[in-house]
Amino acid sequence: MAKQNINSDQLISVILSGIEDVKGKEINILDLREIENTVCDYFIVCEGSSNTQVSAIVNSVQKKVSKELKDHPWHTEGLDNAEWVLMDYVNVVVHVFQKQIREYYDIESLWGDAKMTAIETSY
């Protein structure tokens, strides 16, 4: 379970680093704090090109957060088919999609009122 002493900025930074370590693509941060009745403060959305890369992104994020912040997701689901994996760190929820699944659910449009920040990558 997430510890209260870890702030969201630290957690987001480590999560982004974990995603970038295995070349996750199209990374967006959705800031949900200004929207009423949300389940968390932030969504981080990214994609991998295959089941293998989606699993690698999830593993990289979990290892990095565990090592650097001594924290673990409260809940993870979707690892069986690795098309859409959700990692719940309570205040920050990470969505790792395969491209076609991301396009189908279009989660960024569902949360269109959120402030969105696209993360530039160098790969």
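This is a predicted model: local features need pLDDT of at least 70, side-chain atom pairs count only at pLDDT 80 or more; totals for chains, interfaces and linings use all residues.
Residues are numbered from 1 along each chain as its sequence is written, and side-chain values use heavy atoms, with hydrogens and water left out.

**Stop 1: the cysteines**

A disulfide is a covalent bond between the sulfur atoms of two cysteines. Here the term is applied to a pair of cysteine sulfur atoms within 2.5 Å. A search of the whole structure finds zero disulfides. Seen from Cys-40, the closest cysteine sulfur is that of Cys-46, 15 Å away and too far for a bond. Cys-46 has 0% relative accessibility and counts as buried; Cys-40, at 3%, is buried as well. Buried means under 20% relative accessible area, exposed means over 50%, and partly exposed lies in between, using a 1.4 Å probe and protein chains only.

**Stop 2: Lys-70**

Next, select Lys-70, in the loop between helix 2 (51-69) and strand 3 (75-77). Helices (H or I, at least four residues) and strands (E, at least two) are DSSP runs, numbered from the N terminus. Most residues other than glycine have a negative phi. Lys-70 is not a glycine, yet its phi is positive, about 55 degrees. The residue Lys-70 is exposed, with a relative accessible area of 55%.

**Stop 3: Val-90**

Move on to Val-90, which sits in the loop between strand 4 (84-88) and strand 5 (92-98). Val-90 also has a positive phi, of about 70 degrees, without being a glycine. With 34% relative accessibility, Val-90 counts as partly exposed.

**Stop 4: the aromatic rings**

Finally, select Trp-84, Phe-97, Tyr-104 and Tyr-105, which ring pairs link into a cluster. Rings of Phe, Tyr and Trp (its six-membered ring) pair if their centres lie within 6.5 Å; planes under 30 degrees apart count as stacked, over 60 as edge-to-face and the rest as tilted. How many aromatic pairs does a search of the whole structure find? The search finds four. One of them joins Tyr-104 and Tyr-105 edge-to-face, with 4.9 Å centre to centre and 85 degrees between the planes. Tyr-104 is exposed at 66% relative accessibility, whereas Tyr-105 is partly exposed at 39%.
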